Amino acid sequence: PGSYIESSNNLCTSCTVGTFTDSIDQTSCHDCPKGWYAKSTRPYNGCEKCGRGKYGDATKVVDAWVGCKNCTIGRFSKYEGVDGSLVTTPCEGCPPGKWNNQEGQQEESSCKACGAGYYGSANGGASSLSSCEKCSQGKYSEKAAASTVDTCLSCPTGFSQSIEGLA
């Protein structure tokens with residue numbers, strides 16, 4: 001593993017960085033796939049996965065700094081070795097009612113909730129608190145991470161709410 005037999009002279013040749021073999025008697029090396037990068041030392045008998053919160057969109061990558069990209073703000077990935085070319089957006093977006101303003105997040109728990117008195121209807125990864133909309137005058141909400149305007153309830157009889165966005 002980590003080398004191949006050249007067909008022209010039957011000599012064993014080491015794989016180059018970004019490529020590998022994982023068994024003996026191979027006639028060529030395989031490229032590290034998208035979402036993976038080269039091991040740091042020889043023999044190159046496999047590749048390393050891009051970590052959680054990252055994805056890869058190139059093959060034959062020599063190291064994580066070059067080949068593993070951070071999930072963009074508003075998104076996260078709890079998986080390793082994500083091939084970023086298989087989908088339009090390789091990382092999952094924070095769900096409606098939540099947002100995230102940092103790159104490279106690994107869990108949905110890194111998404112922050114819109115507070116009480118607000119709701120967030122953005123689909124596919126809101127990236128700032130400004131994505132949370134205020135309940136209108138005369139309405140309130142006690143629920144955090146609300147995803148629809150329906151969570152904003154009318155004030156009970158005898159009560160009023162003159163300021164937007166209050167619980």
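The side chain of S110 reaches the backbone oxygen of E107 at 2.6 Å, a polar contact being a pair of N or O atoms within 3.5 Å, where within protein one must be able to donate a hydrogen and the other to accept it, and residues adjacent in sequence count only if both atoms are side-chain atoms. The model is predicted, with local features requiring pLDDT of at least 70 and side-chain atom pairs counting only at pLDDT 80 or more, while totals for chains, interfaces and linings use all residues. Residues are numbered from 1 along each chain as its sequence is written, and side-chain values use heavy atoms, leaving out hydrogens and water.

**S110**
- S110 sits in the loop between β11 (98-99) and β12 (112-113); strands (E, at least two residues) are DSSP runs numbered from the N terminus.
- With a relative accessible area of 18%, S110 is buried (under 20%, with exposed over 50% and partly exposed in between; 1.4 Å probe, protein chains only).
- Residues up to four places away in sequence aside, S110 touches F76, W99, N100 and Q105 (contact: heavy atoms within 4.5 Å).

**S131**
- The loop between β13 (118-119) and β14 (133-134) holds S131.
- The side chain of S131 reaches the backbone oxygen of S128 at 2.7 Å.
- Beyond its neighbours within four places in sequence, S131 is in contact with W99, Y119, G120 and A126.

**K78**
- K78 lies in the loop between β9 (75-76) and β10 (92-93), and its relative accessibility of 37% makes K78 partly exposed.
- Not counting residues up to four places away in sequence, K78 touches R52, E92, Q106 and E107.
- The C-alpha atoms of K78 and K54 are separated by 8.9 Å, with the two residues 24 apart along the chain.

Terms used:
Helix = DSSP H or I, 4+ residues; strand = E, 2+ residues; numbered from the N terminus.
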